Amino acid sequence: MSLHTADVGTQVEALGQSLTRIVDVLIPGDQGWPTASDAGVQHAILMRLLDKKGDAGLAALSGTLAKYGFNNPRGTQDEIDSTARLEAEEPQLFLWLRSEVNYAYYESPVIVALIDRSGTPYRLIPHRDGYDLARFDESTQTPRHGRGRWTPTGEVKPVDISGLELQTRTTKKWGLNR
């Protein structure tokens, strides 16, 4: 199936509409939070599916969602019932779809901004700037449960790596093969 045919374009459009219906059942939005489709979740899922499974993946999901009636315009209760049937009859597909919806929703720049504005620090790219964390408070954050092991910061010692001869050895494959 090639995306250059009108038939496939119609099928992808129908799949996008079907996904719009099911993602809004899973995350309907409320009290200032957009629905999943308003955040563009269906588009992110289409792109991920195309990347992982190609045109065949799009066709398979389109057929499955059509089987459950997501290609027909209807009301919310019908969509909820169809989603419950999909979950009961195709649990693996449902778990995948639910995970994709959640990932796509919470990585949406709109949702990230809403969460951050609500007072919970949340960043679209947290590894770049990090989070402003309060300094460790030994009196309240020291583990007291007796499980595992904890070394107080003041007792941490540098590891002696002089025996590795890193100045003279060439490492390959990230140091795994020497």
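Tutor: Arg48, Glu100 and Glu107 are linked in a network of salt bridges. A salt bridge here is a side-chain nitrogen of Lys or Arg within 4 Å of a carboxyl oxygen of Asp or Glu. The model is predicted, so local features need pLDDT of at least 70 and side-chain atom pairs count only at pLDDT 80 or more, while totals for chains, interfaces and linings use all residues. Residues are numbered from 1 along each chain as its sequence is written, and side-chain values use heavy atoms, with hydrogens and water left out.

Between Glu100 and Arg48, the closest N and O atoms are 3.5 Å apart. This pair links distant parts of the chain, with Glu100 in helix α4 (residues 91–106) and Arg48 in helix α2 (residues 41–67), 52 residues apart. Helices are DSSP runs of H or I with at least four residues, numbered from the N terminus. Glu100 counts as buried, at 8% relative accessibility, whereas Arg48 is partly exposed, with a relative accessible area of 23%. Buried means under 20% relative accessible area, exposed over 50%, and partly exposed in between, with a 1.4 Å probe and protein chains only.

Between Arg48 and Glu107, the closest N and O atoms are 2.3 Å apart. This pair also links distant parts of the chain: Arg48 belongs to helix α2 and Glu107 to the loop between α4 and α5 (109–117), 59 residues apart. Glu107 is partly exposed, its relative accessible area being 37%.

Now the helices that carry Arg48 and Glu100. Two packed helices are described by the angle between their axes and the distance between the axes. The axes of α2 and α4 come within 9 Å and cross at roughly 160 degrees; axes are lines fitted to C-alpha atoms, for helices over the stretch in contact, and angles run from 0 to 180 degrees between N-to-C directions. The two helices α2 and α4 are therefore roughly antiparallel to each other, the cut-offs being under 35 degrees for roughly parallel, over 145 for roughly antiparallel, 65 to 115 for roughly perpendicular, and oblique for the rest. Their crossing, that of α2 and α4, is left-handed, meaning that the near helix is turned anticlockwise from the far one by less than a right angle.

The loop with Glu107 runs between α4 and α5. In α5, the buried residues are Ile111, Val112, Leu114 and Ile115. They cover an arc of only 160 degrees around the axis, which puts them on the same side of α5; the arc is that of the directions from the helix axis to the C-beta atoms. Pro109 and Arg117, on the other side of α5, are exposed. An α-helix has 3.6 residues a turn, so residues three or four places apart point the same way.

Another salt bridge joins Asp116 and Arg123, with the closest N and O atoms 2.5 Å apart. Asp116 counts as partly exposed at 31% relative accessibility, and Arg123 is partly exposed as well, with a relative accessible area of 34%. By the rule given above, the count comes to five salt bridges.
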